[in-house]
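Open the model in your viewer and keep the selection tool at hand. This tour goes from stop to stop and says what to pick at each one.

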Amino acid sequence: MPDLFPQPGGDGGAGSKPARVVDRAGLDAVIRSLQSRGYRTVGPTVRDRAISLAEISGVADLPQGWHDSQSPGSYRLTPGADLEIFGWAVGADSVKRQLLPPREVVWRAGAQDLVPHEEPAAGLAPLALVGVRPCEVAALGILDRVLGGGRVTDPRYASRREGLFICTVECGSPASTCFCTSMGTGPGAESGFDLAMTEIVEEDDPRYLVRVGSDRGAAVLDEVESQPATLRDEAARQEVLARARTRMGHGVVTEGLPELLERNLENPRWDQVASRCLSCGNCTQVCPTCFCVSVEDITDLAGTVERRRRWASCFEVGHSYIHGGAVRPTTRSRYRQWATHKLGTWHAQFGTSGCVGCGRCIAWCPVGIDLREEVSAIRASDGMRALAPRPGGG
Amino acid sequence: MSSSPSGFHPTIAVFKFASCDGCQLSLLDCEDELLALAGAVRIANFQEMSRATIEGPYDIAFVEGSITTSHDLERLQRIRATSTTLITIGACATAGGIQALRNFADVQEYTAVVYPRPEFIRTLATSTPIAEHVRVDFELRGCPINRHQLLEVITAALAGRRPAVPRHSVCAECKQRGTTCLLVAGATPCLGPVTQAGCGAICPAVGRGCYGCYGPAEAANPSALGDRLLAGGMAPADVTRWFRTFNSAAPVFTKESLRHDPQRQR
């Protein structure tokens, strides 16, 4: 696969630079340095009762003291008085919105001028993501394979992805819905970043251990006042990660998962989950790797034609429409498609799992369907078949 | 004045049954596009705009309102016979409207309470959607309909293409605009997961749960949501009320409202 977006970090190059430690002013200086280099800086903020990504001007915009509690179908964010800035797990919003916006115009053509005008993908300054979790970085890696440089390249995604600066923050506070340890995407950051921070809050002294993953990451960090990381700093980092692993929710056994799902397409569990599933599509909207879009050609009264695309979902009936009807006409068939693609056939198609274990689909399902439980129920009843054949497939 | 890009100038007529007129007024609400629209189509019958009418046949009939009298039913059949394309607009025409609450009650009892001389009232026992009586080519949902969707249906007809009117849930619109889920954040009950999109998810964006104005989304699972509302502490009678507003005669909403109805009428 062509390496369109070189994944820095852990390659023995810039990644082998020794870690540094900055204080909160240093973190602010990192953000300012990125801005002075022409980046739009986007990071976690509190908006509308949840953590979501928005433009930040400095460290003061970050969600200090905010903590979340998540369970299937439930998310609560509460303020606190402590000094932690990154004391939460991911909200509904993900990096997907930044690189694959929910709605966009692909091209326009006038009534007199039928040559389509390609709309620029963004026309904005390059983006620097500050304070995104390793599971988000892993999701970007998956989107890169799908949209960025595999068999098909989406130029709109690629133009946004090119020049993207990533300053990730390792996870010290996963939610009960999280299972990144199962998917191998966290809580620590291994690669795919320019800078990787670990927030260490001991008494009243928050500090950030920063590792370098690329030359441009090194250049940014060089501008900022920092100390070499001591053995004590590194031990504190390991403690943060160890604590995160114990706070994680229960996981998913991934061994042989694609094969398990493939031989269980008629497992009665799919009927059971379909009876609870709202078919609302929230899981796919919040999933950081669900990349499906629908393309619509719109005309207006002046004769202008616009090609628009919007986030779509395999839970829409029309998503599987081909001549004569939908191939997946039931909720059972659509849920099964989503789960088996995400965890199973994605491997054959793109070479990895489609799941990063962020748990969004679990927390943001209004009826709290837990993908982990569906998988373990399938595993427990491996090989069971539905009682009767279903007329019309599904 | 612009004209239809395809050169097709369809004759458009607007008809009303039991309804409040709000949906057809959405046509006049297309202020910025109104002159262009008037140039692109021939408006043959639209009493909210002009008393001047042109006899049928019509290329496109927009039908608002539900069927509540036998006279209405005869009039509807004549409209269908003189219209090439019949498009229903709004919750009354597509799901009986708020007046379909009569379907769960005794109409004679209502008329006795409301009218001094109930013997003059000739009405059916039910309020029913247009599609229960005649073939409908397209249903545009909403209470009221969204004027952008109405324009989309008209421009699609002019261009001979399918209108881009998605049938998925309101949730997709919330997520697209970045609204935090009210159900998951524990803020308030919401019908969004079972309701068809089209409004732009305006209520959740201001912290109010979806009222279900656009009726059931495709593949909606109201019983799963009903269970969720009960688990959240809502009384069964209130679940019934939630599913009995503007689209109570939509079959899957009717069914869910009856499941929690202490009287289990009809």
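**Stop 1: the largest cavity**

The lining of the largest cavity counts 12 nonpolar residues, three polar ones and no charged ones. This is a predicted model, so treat each stop as a feature of a prediction. The space inside the largest cavity comes to about 130 Å³. Now select A:Cys277, A:Cys283, A:Tyr335, A:Cys365 and A:Ile369: of the 15 lining residues, these are the closest to the cavity centre. Next, colour α10 (282-286) and α11 (331-350) of chain A, the elements that each give two or more residues to this lining. Across the structure there are 10 cavities of 30 Å³ or more.

**Stop 2**

**Stop 3: charges over rings**

Go to A:Trp88 and show its side chain together with A:Arg133. The charged end of A:Arg133 sits over the A:Trp88 ring, 4.6 Å from the ring centre. Then switch to chain B and select B:Phe17 and B:Arg75. Here the charged end of B:Arg75 sits over the ring of B:Phe17, at 4.1 Å from its centre.

**Stop 4: where the chains meet**

Show both chains. How many residues of chain A are in contact with chain B? The count is 41 residues of chain A, against 42 residues of chain B. The area buried between the two chains is about 3000 Å², and carbon and sulfur atoms give 56% of it. Select A:Arg49, A:Leu278 and A:Leu301. In chain A, these three lose the most area to chain B, together 23% of what that side buries.

**Stop 5: backbone details**

Select A:Gly186 and A:Pro187: the peptide bond between them is cis, with omega near 5°. A:Pro187 lies in the loop between α5 (180-183) and β10 (195-202) of chain A.

In chain B, pick B:Cys143 and B:Pro144. The peptide bond joining them is cis, with omega near -5°. Look for B:Pro144 in the loop that runs between β5 (138-140) and α6 (147-159) of chain B.

Last, select B:Ala201. Its phi is near 55°, a positive value in a residue other than glycine. B:Ala201 is in the loop between α7 (170-177) and α8 (202-205) of chain B.

Note on methods. Residues numbered from 1 in each chain as written. Chains lettered and ligands numbered in written order. Predicted model: local features only at pLDDT ≥ 70, side-chain atom pairs only at ≥ 80, totals over all residues. Heavy atoms only, no water. Lys NZ or Arg CZ within 6 Å of the ring centre and 35° of its normal. 1 Å grid on protein atoms, 1.4 Å probe; cavity = no way out; pocket = protein on both sides within 12 Å on 5 of 7 lines; lining within 4 Å. Points joined across faces, edges and corners; volume = space filled by probe spheres on them. Helix = DSSP H or I, 4+ residues; strand = E, 2+ residues; numbered from the N terminus. Nonpolar A, V, L, I, M, F, W, Y, C, P; charged D, E, K, R; others polar. Contact = heavy atoms within 4.5 Å. Buried area = accessible area lost by both parts, 1.4 Å probe.
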